Every structure is written in C-alpha cells, then in structure tokens.
Amino acid sequence: MRCLMICTEKLPVPPVRGGAIQTYIAAVAPRLARHHQVAVIGVSDPDLPQRETRDGVAYWRVPGGSFPLYLERVLALLNDWETRFDVVHMFNRPRMVLPVQKALPGSRLILSLHNEMFRPEKIGADEAKAAVGAVESIVTVSDFIGNGVAALYSDARPKLRTIYSGVDLTRFLPPWSPEGRRIRQRIRSEHGLGGGPVVLYVGRLSPKKGADVLLRAMGHVAQRHPEATLVLVGSKWYGEDRISDYVAYVRALAARAPVRVHTTGYVPADKVHEWFAAGDLFVCASQWEEPLARVHYEAMAAGLPIITTARGGNPEVVRGHGNGLVVEEPANPEAFARAILRLLSDPGMRAEMGRRGRALAEERYGWDRVAADIRSVWERV
C-alpha cells in the first residue's frame, strides 16, 4: 500500500528538536516501510533537507508556524502531487481531517491522538462529529485519551484503539548491562553526582509538569537522605534554554534546596538516555491530566523504578504492574517524599521494580510492537 503520515506543525521529524510525536513517527515509519510505501510530511528545519529519503521513508517538509498556515502548505503539497495514497495517517490534529479528505477523496483516513484534541476549545462540535465520521480509525496513546473522546462523541467508540507508545531498547539501557553501567559511571563522574542516590526528573520545566512540587518534596527527603541528589533534565521548551519566570522560580528553589540539585537545561534527544542511565529512581511529577508521558517507557527501559502521578493516562503503565508507585495527591510534596523515601529505604524493592520495568519494556513497549500494531490498523482499513 501507499501510506502517508502527516505530523503536526510544531517540531520536525526526525526529532532533531525533540518531541514525543516526532520520536514516535521517526521510530515506526522505517519499520512500516519494510511492508508498505511510506511518506512523511512534517515541518522544515535548518538541519534537515526539504526532501529526502532515509531508511526507506520519503520525507517532505514544509514551513511550520501556526496550524492554519501549516495546513495550507500541506494541502498545497498534496494538490501538487500526482501520487494518491491508500492510507493517510494524521497525527493529533482532528481539524486536519476534513481538508485532507477533500484533497485526497480516495484515501482511507486514520487519526492518531496524543492529547485531548477533541475538547470543545480545540474543535467545534459539528466539525468534530464530521471528523469522527470521516476517519476509519482513531488511534490513541492511552485509554484516558480514548475514553475522553468517546464521552464527547459516542460514534467514535467503535473506531477507537489504544496503541501504547514505545522506546528504543538499544539506547535506553539498564545499569546492570555493561554499556549501561559504563554510561552511568561516566555521567555521574563528569557531573559530580557523587555516590549517593540520584532522583531523576526528565521533562519540560512548566508548572503542569510539577518540578517545583518535586523540589519541595526533597526537603523532606533530605532529613533521612542528605546525600541524595536531584537531577532535573529539561528546559522550558524543546530545543532551547530560554529562561521563563517558572524556570527562574525552579532554579531559585534548587539553589535553596537542602540536597544537591543538578539542572541540565535542554538536552538533545540523542543524549537523554545517558541521564536515565545515571539515575536510581525516576519521578514524573505531572500536575495535569497528562495523556501518558513517554518518559515512563524510557524509565522502564533504563531499569529505573517509577514514581508517577494519578493524572490522565500516566498510571496505566505503572499501577498494578510492579514497576513503580503512583502518587494519589500530586500537588502534595509530602506525598512525593513518602514515595521517594519508601524506595530509597528499600534497595531490594528498587531493584525488583527496575527489573520488572525493563522486562515490561522488552515485552510490550519496543518500537517493533508499536509498528506492528499500526500496520494492523492500516491493513484492516
């Protein structure tokens, strides 16, 4: 089949500036290209050519910017092409569905949702209903996202399918592997992390991600583990280190923290795995109803026990799986402190959860499985 994947207007594919959707497409497209002809439309970037073929995938890039401008450029490209596609798979933009249907009337349409994009402030009810009717399948990254769509538009329910995301199992390595151990020792030595336990946070620095709550939790942790280090990996936005008011606030909290706090700023996507190798436990401190943060899969692959929040889809890959703990009061620093202290006080539990996480990653969350699930959707429609 001839299949087209259309990314969002935010970041380029491959993920030279980071991004969960961009990482997802870059991972699955070459695997899908082993079975079908695959093209990807995404935004242009100074580090990427406008057109190229890599790993069997044809990439076409147009300037990004606002969604209306990006959509206009995508449609212009589609109208210029003589190629017609059997399947068009759009990512995270239900407002793209009807214009693409008009441009490619003979194609079967699939929509992937990585966020709550059917909420009323994102798309009007009439357009949303029409988009649901136009697509053959709606793929979501968590049951939380799918249930939200079904609650708004019941006609979507039979079209919904949860396909959990994945992780590169050859890059994110556990500390008991020789390469994982080597990376761990190098990063901890280069950055002076010491021999104490390292509590790891990876994500954007924004209020909804909760780094400030985690920092306040470390005050309680310090009373029993003053030798601990908190590592904050991330910046305000992908690919940049601009200092926002919130980033300044987080850094001020870090400067006054009773434990060592190491802030990395922005880390390129191809280096993030090194920081996972350096950690002893991973904390996702999300305060918002998060779809399901991909850092959970990365922590599992790196053999780290997870502490996450009862927000959105995050608990779906932790609660009941033996690979971590779920904080039921995400806004409460003491709740995080209790979870962190529980793991720091029990090395055996940490090790067991870490090994369970790695096993889950290998069994369920490799990119080969994700690509196979997408392929089954394409071939069914």
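Colleague: In this predicted model, where does N92 lie?

Modeller: The structure is a predicted model. Within it, strand 5 covers 87–91 and helix 3 covers 97–103. N92 is placed in the loop between strand 5 and helix 3.

Colleague: Is N92 buried or exposed?

Modeller: A residue counts as buried when its relative accessible area is under 20%. The relative accessible area of N92 is 3%, so N92 is buried.

Colleague: Which residue does the side chain of N92 join in a polar contact?

Modeller: Neighbours within four places in sequence aside, the contacts of N92 include T8, I21, L111, S112, L113, H114 and M117. The side chain of N92 also takes part in a polar contact of 2.9 Å. The partner, again through its side chain, is N115.

Colleague: What is phi of D55, and where is D55 found?

Modeller: D55 belongs to the loop between strand 3 (51–54) and strand 4 (57–62). With a relative accessible area of 60%, D55 is exposed. N92 is a residue other than glycine with a positive phi, near 65°. D55 is likewise a residue other than glycine with a positive phi, and its value is near 55°.

Colleague: Which residue does a cis peptide bond join to V13?

Modeller: The bond in question has an omega of about 0°. The residue concerned is located in the loop between strand 1 (2–6) and helix 1. The partner of V13 in this cis peptide bond is P14.

Colleague: How do the rings of Y24 and W367 pair?

Modeller: A search of the whole structure gives nine aromatic pairs. In the pair of Y24 and W367, the ring centres are 5.8 Å apart and the planes stand at 85°. Planes over 60 degrees apart count as edge-to-face. The pair of Y24 and W367 is therefore edge-to-face.

Colleague: How many residues apart in sequence are the parts that this pair ties together?

Modeller: Y24 and W367 are both buried. Y24 is in helix 1 (residues 20–32), whereas W367 is in helix 13 (residues 367–380). The pair therefore ties together parts whose separation in sequence is 343 residues.

Colleague: How are helix 1 and helix 13 oriented to each other?

Modeller: The axes of helix 1 and helix 13 come within 9 Å and cross at roughly 70°. Angles of 65 to 115 degrees count as roughly perpendicular. Helix 1 is therefore roughly perpendicular to helix 13.

Colleague: Into which classes do the residues of that contact divide?

Modeller: On helix 1, the contact is made by T23, Y24, A27, V28, R31 and L32. On helix 13, the contributors are W367, D368, V370, A371, I374, R375 and W378. By class, the residues of this contact are nine nonpolar, one polar and three charged.

Colleague: What is the division for the contact of helix 11 with helix 12?

Modeller: The axes of helix 11 (residues 333–344) and helix 12 (residues 347–364) come within 6 Å and cross at roughly 95°, and the two helices are therefore roughly perpendicular to each other. Helix 11 contributes R342, L343 and L344, and helix 12 contributes P347, M349, R350 and M353. The residues of this contact divide into five nonpolar, no polar and two charged.

Terms used:
Residues numbered from 1 in each chain as written. Predicted model: local features only at pLDDT ≥ 70, side-chain atom pairs only at ≥ 80, totals over all residues. Heavy atoms only, no water. Axes fitted to C-alpha atoms, helices over the stretch in contact; angles between N-to-C directions. Helix = DSSP H or I, 4+ residues; strand = E, 2+ residues; numbered from the N terminus. Parallel < 35°, antiparallel > 145°, perpendicular 65-115°, else oblique. Contact = heavy atoms within 4.5 Å. Nonpolar A, V, L, I, M, F, W, Y, C, P; charged D, E, K, R; others polar. Buried < 20%, exposed > 50% of the residue type's maximum accessible area, 1.4 Å probe, protein only. Polar contact = N/O pair within 3.5 Å; in protein donor to acceptor, adjacent residues only side chain to side chain. Phe/Tyr/Trp six-rings, centres within 6.5 Å; stacked < 30°, edge-to-face > 60°.
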